[in-house]
Amino acid sequence: MQTRNVLVVGVGGQGVLLASNVLAAACLARGYDVKKSEVKGMAQRGGAVVSFVRYGERVHSPLVERGRADLVLSLEWAEALRWAAYLRPGGVLAVDLVRILPPAAQLDHRTWQASYPAVEVERLRQAGWDVRPYEASRCAAELGDGRMANVVLLGAVSRELEFTVEEWEQALREVVPEQVVEANLRAFHAGRELPLASVSPGDVRRPAARTFRVEVTASWCKGRSCGICVRVCPEEVLAFGPDDRATAASPDRCTGCQLCQLLCPDFAVVVREEVAVG
Amino acid sequence: MARLRLVRGNTACAYGALSAGCRFYAGYPITPSSEVAEEMARLLPRVGGVFVQMEDEIASLAACIGASLGGLRSMTATSGPGFTLMQEHLGYAALAEIPCVVVDVMRLGPSTGFPTAPAQGDVLQARWGSHGDYPMVVLAPAGVQEVFELTAAAFEVADRLRTPVVVLYDEVVGHMMEPATLPDLSELVASGTWRRPSPPVQGTYLPYAYSEGTPPPLVSFGEGTRYHITGLIHDESGFPTQDPGKVGEMLRRLNEKVPEVPADQLHPEGVATEDAEVVVVAYGITARAARAAVRQARELGVRAGLFRPRVLWPSPATALRELSGRVGMFVVAEMNFGQWAREVERLVGRWAEVVTVNQVDGTPLSPRTILERVLEVSSPVPSTAAGRRIS
Amino acid sequence: MIPDVRGYLRENRMPHILCPGCGHGIVLGALLRAVHALGIPQDRLAVVAGIGCSSRLAGYVDACTLHTTHGRALAFAAGLKLARPELVVIVLTGDGDGLSIGGNHLIHAARRNVDLTCILFNNAVYGMTGGQVAPTTQPGWVASTAPYGHPEPAFDGCALVQGAGGTFVARSMAYDPRGLQAILTEALEHRGFSYVEVLTDCPVYFGRYNRLGEGPELLWSQKARFGEVGQMLRDKRFVTPDGTAPAGRVEGLRFGILHRAERPEFTHVCWSQVRRGGDP
């Protein structure tokens, strides 16, 4: 058989490696030779992560060249765009429509909303790829644990691959921790039944903006003669108020770096993330 | 079973501590107290307690205070030079009101002095050695059995009044061997790692909220009650205050909390004082010589008596003043230049004459020296007796 | 997001008494986050401190707190730890407190390897008493008792503690609260005597006498050092298995986890003797 080339991509914390490990285990269960290699990118949460899986009768190199992948399994929309070029013409792009703001986008944090790419499935289809959008994260959340989106998406593409249901189940049992095997099996089967997401042309939904609230306990703040928070804030969020105490004069500029909170010697500054309602 | 044994004062001290539940000792070697540390090092691990030899006397008392806050009854023993170093933490324990017991086996000072020689020169330092006004309890056993008993009593007083207690005796009492009834080690082993019980706390624990003149029982650290202890002047909550009203009130209560007789077994001893015209006042090893001197004076027809305080501080003012109503002459015998005599003078000087007999040469006062002074100051005796003046 | 650790403070005692711009509070924040990250219950936490600005922080922590005498906190803490081995005992001390008047207690606590976490705030000055030289003041710096420049060399506290037998020795700075928190976390987890010296700032005395500016400027001056040592502070492979990896040398001070060793812990050894009933 021809060697098959698969990319599993996403951002740190989404379970890219677990998904690729399940795939590799399924390959071994079937008796294939398999090679796997990973770029964990930035190890911190939110950094780009890619895992290459190659399998077949006999596999030599673990790396996949651009334009040679049969399948890109993307756990995040922007990552799908990043890695789509690895697909061969007609290759399958299975993508979870969840959108996570990658740290790189925060470099342009004051206007970052515009920097996140629109969900334009049709444009990718026009490039000659078989694009399969899924609401895998939403499905996983409905099952009770959004972290299982990786396995849901794996379930969704499992029909496209040659492995039997039994081989997939065996692979899952081998790879996921024992106490969550049953939950992951349910997620896998839910993914197998998951319909394609309907994405209207020109859908430009974007992730919700992260907003932060800077709280200053004025009675603890020692004011201008300290001045550390005002001086360390890279975005000049803080300033001295009429009472000479620090105050969040431009709260909408806050990026949540929390330098002010870390360096306030008086425990007077706390930065909290505003949780979007609805 | 308790049994009669021939033991040293310093050994009896260790047994007294252990029988009172002392399960922590931190100390630094110094003559003539080292045997207390050696006994504790040997015995404590066997009865469920911890011994540690610290880097100096300052650290020793600090460790005792820390362990006491952890719920273990704690003791250290030392002698003059070390006792001087301990003044820092005697003051701390007094102000922070942390119970602990400090044994001072007195040697001749000042400074390094004469390490192996007995003296009673630490009497005023025991009371006033640290700066500021603070209460102090100083017990003065005069024999081996009493070292055992008063050391044990010291722990009860320390816990009840939440204050440091000093057990003060001299090199002779520390090193002499005499029969004393001490508990068997097996009894002590049975009691195991004893901890001072912490009272239940409802709401906020106020470690310095006095009631009826005494502080509340100490809650040990680690018992689920979080509070603050400081050597700064503090209010009832234990946190520092600079409010003159609170500062003054706190210090007044602190300095008034120790009763004149801190425990029943600590009343002063009176010998033949009922009809006495001259009373010898003496404590520690000197009291033993004084007892003989009084007996000999009686044989010579002098109506002499002995007043022996078991507690030097607070001084037994009531008992001494009561005595001064009947007795016109007090002879204070001490192995110093008159340290406690000042206190006797202060207490009874308006009503009676106070004279001293002092010896500061590294040897204990003999009965003969004390007797000579008694005879010197007593009214002339009948001629038949006069002829039998000391041979 | 980093957590809000003000729940570990006695909020009714705040604001604390330290001067505006003083770095000590930053260090306490990092410590409380380390305590929080390790999930140490407040009822199991004891904070023992000596005398000086840094030592005053103990009173603001909602734990069992003991504010002791000048230089002696470690001796008190050793007694407490021996009596209550189950407590996590943290000692807060300053450079004068821990290295001058308390130097003897420091080296002996290190030698005994008592399971204490000693955090020494090094701001190179006596703040509480008005800006006198400390044993950590570098030669030439100006203080109220060194108006013409300090004529003495300074102590390297980390080298001292390592030489005395301390089994966890590290140095960090207030400018790097995250790296400091990581080091403090490891120090708290270490079984034995751990010593973490933290560079912090006194804008009111040291900064003013030496014309270094106020709180923010003093933090910037640490930042200059940080550029060289930041990577090392974060690199967990920094200490080689034999515990002797070279560390960065900045103005004569080394940063990071400088030494780690395994030796029997004193409290454990003492109570083992007790459990054996005194048999050797």
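**Cores, a sheet and an interface in a predicted model**

In this predicted model, Val48(C) touches Ala58(C), Leu66(C), Thr68(C), Ala73(C), Phe76(C), Ala77(C), Leu80(C), Val89(C) and Val91(C), leaving aside residues up to four places away in sequence. Val48(C) and Val91(C) also belong to the largest nonpolar core, which has 226 residues. Together with Leu139(B) and Val280(B), they have the most contacts inside this core. Helix α6 of chain B, residues 144–161, gives the core its largest share, 11 residues.

Chain B contains an open sheet of five strands. The order is β11-β13-β12-β15-β16, and the pairing is mixed. β11 (269–271) and β16 (353–358) of chain B each have a single partner strand, so one side of each is left without a neighbour in the sheet. On average, neighbouring strands are turned by 20° against each other, direction ignored. Strands β12 (residues 278–281) and β15 (residues 329–334) of chain B run parallel and are joined by four bridges. Within this pair, Val280(B) stands opposite Val331(B) of β15(B). Helix α13 of chain B, residues 367–377, packs on the sheet. It touches β12, β13 (304–308), β15 and β16 of chain B, and its direction makes about 160° with that of β15(B).

Chains A and C are also in contact. Chain A contributes 19 residues and chain C 23 residues. On the chain A side, α8 (228–232), α9 (259–263) and β10 (269–274) each supply at least two residues. The largest share, three residues, comes from α9(A). By type, this side of chain A divides into eight nonpolar, seven polar and four charged residues.

Definitions and conventions:
Residues are numbered from 1 along each chain as its sequence is written. Chains are lettered from A and ligands numbered from 1 in the order in which they are written. This is a predicted model: local features need pLDDT of at least 70, side-chain atom pairs count only at pLDDT 80 or more; totals for chains, interfaces and linings use all residues. A nonpolar core is a set of buried Ala, Val, Leu, Ile, Met, Phe, Trp, Tyr and Cys residues joined through C-beta atoms within 7 Å. A residue is buried if 20 or more other C-beta atoms lie within 10 Å of its own, exposed if 12 or fewer, and partly exposed in between; C-beta atoms are placed from the backbone. Two residues are in contact if their C-beta atoms, placed from the backbone, lie within 7 Å. Ala, Val, Leu, Ile, Met, Phe, Trp, Tyr, Cys and Pro count as nonpolar, Asp, Glu, Lys and Arg as charged, and the others, Gly among them, as polar. Two strands pair if DSSP finds at least two bridges between them. Axes are lines fitted to C-alpha atoms, for helices over the stretch in contact, and angles run from 0 to 180 degrees between N-to-C directions.
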